[in-house]
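Thanks for coming. I have one structure to go through today, and I will keep to two parts of it.

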Amino acid sequence: MKYNAVLGEWLATLGKAVVAGRLVKVVCSKPGPLAGDLKSVDVRPIIVKRALKLSFTFHHKTRDVVKNYSPEESEGVLARLVSESFMAARIFTMDADWLLLRREKQFSALKEAATQTAAPNLTHDRPKQRLIESGGKAYLQALGLTDASGQVLKSAQDKFRQINKYIEIVDGLVKALPQKSLKIADMGSGKGYLTFALYDHLVNTLGRTVEMVGVEFRPELVMLCNDIATAAGFKGLRFVQGTIADYDCAGVDVVIALHACDTATDDALAKAIKAGAGLVVVAPCCHKQVRREMGKAEGLEFMLQYGTYMERMAEMVTDGLRAKLLELSGYETNLFEFISDAHTPKNVMIVGTRKGPLKENERARIEGEIAGAKARFGIAALALEKMLGGR
Ligand SMILES: C[S@@+](CC[C@H](N)C(=O)[O-])C[C@H]1O[C@@H](n2cnc3c(N)ncnc32)[C@H](O)[C@@H]1O
């Protein structure tokens, strides 16, 4: 493609810097009248699948869009950006900065002393600081998440991300609990991915004294997890076989239930509330109990006739009411997505922090809200409410 001479020379400088591995970045700034909502563009060299690319981040007013181009394609993309959308652009190399300015169709260029001399980081995904590191943790390998060298297996990337996100959240919540020594029950602990990671973080990173029990009704998982805990030297961690409903929670400070199926989440919430646990963290799973009841919701047939909407509504109604029942029991509650739904659709977390008894007028207000919601959605009985001794 034939460019204006000044622009052509500026692009050639860029090409040489790319080939020599001296390019740090390019920034297009000063948007012109044709830029629309595009505010600026940053370009940096990266390696994708062993090939050198230039990664363009288009900063729009309300979002960023990232696109990767080969060095050859990048020349044309940059030429268009500086000819149509931007009045200025700067190539930062480790040797010099090359400024390009445009006034209508006239370009001028200027060489300036290098302002960025550090070699660029060519990794595609910049490494993230994680609370649980993968290296040197035998339990992660025993659980099938890492290889012998401590690398997270490709198939376990999502799970590992989920574990770290969960630890990040619980880390902040547990730090707010005053007692140094904590009794924790993990209800429906399954294969124990999150149980091990939390114990490891609390004991080995935060230095807390922890007595943690994973409650699980599948005996083979209980046996496996106890073996891994022993091999890891996690003295305060054990797993017991049984149901959540039968587990004695007396004296427990923290109750956790992650993806405990259907009303098993309610069992865990009821146990936490009755034991007066200071912190309860649940990520509910399926919502069959309320779903069955909601089939009778009058006036909502126009959307609840569709399975997808019925599913979503059952989830929102169940978890909204669970949070309300926690409030009624003296907990301050929060409900949020703890991880992107790209990783798991079961991504809602309910957190309750114990505050103590409610004033009578607060109690009446919350009871009214619960009764109103039940009537609106045609729910005669709510599992958690019944467990707590209500209707
Ligand atoms: C989906 S898995 C989640 C495991 C783990 N919490 C996690 O997030 O990786 C749910 C586990 O809870 C167990 N479970 C479900 N209901 C239970 C109950 N009422 N009592 C004990 N365990 C239960 C199941 O056997 C299963 O292992």
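I will take the ligand site, then a pair of helices.

This is a predicted model, so please hear every value as computed from it.

Start with the ligand. The shell around it has 15 residues, and the closest are Gly188, Glu216, Ile244, Leu258 and His259. Sorted by class, that shell holds six nonpolar, six polar and three charged residues.

Which atoms of Gly188 and Ile244 face the ligand's nitrogen atoms? In both cases, backbone atoms. For Gly188, a backbone N or O atom sits 2.8 Å from a nitrogen atom of the ligand. For Ile244, a polar backbone atom is 3.1 Å from a nitrogen atom of the ligand. Glu216 uses its side chain: an N or O atom there is 2.6 Å from an oxygen atom of the ligand. As for cover, the ligand taken alone exposes 600 Å², and the protein buries 84% of that.

Now the helices. Helix 1 spans residues 5-20 and helix 2 spans residues 71-85. Their axes come within 11 Å and cross at roughly 145 degrees, and the crossing is right-handed.

On the helix 1 side, the contact is made by Leu7, Trp10, Leu11, Leu14 and Val18. Helix 2 meets them with Pro71, Glu75, Leu78, Ala79, Val82 and Ser83. By class, this contact has nine nonpolar residues, one polar and one charged.

Key:
Residues are numbered from 1 along each chain as its sequence is written. This is a predicted model: local features need pLDDT of at least 70, side-chain atom pairs count only at pLDDT 80 or more; totals for chains, interfaces and linings use all residues. Side-chain values use heavy atoms; hydrogens and water are left out. A residue is near a molecule or strand if one of its heavy atoms lies within 4 Å of it. A polar contact is a pair of N or O atoms within 3.5 Å; within protein, one must be able to donate a hydrogen and the other to accept it, and residues adjacent in sequence count only if both atoms are side-chain atoms. Accessible areas come from the Shrake-Rupley method with a 1.4 Å probe; for residues, only the protein chains shown count as cover. Ala, Val, Leu, Ile, Met, Phe, Trp, Tyr, Cys and Pro count as nonpolar, Asp, Glu, Lys and Arg as charged, and the others, Gly among them, as polar. Axes are lines fitted to C-alpha atoms, for helices over the stretch in contact, and angles run from 0 to 180 degrees between N-to-C directions. Helices (H or I, at least four residues) and strands (E, at least two) are DSSP runs, numbered from the N terminus. A crossing is left-handed if the near helix is turned anticlockwise from the far one by less than a right angle, and right-handed if clockwise. Contact means heavy atoms within 4.5 Å.
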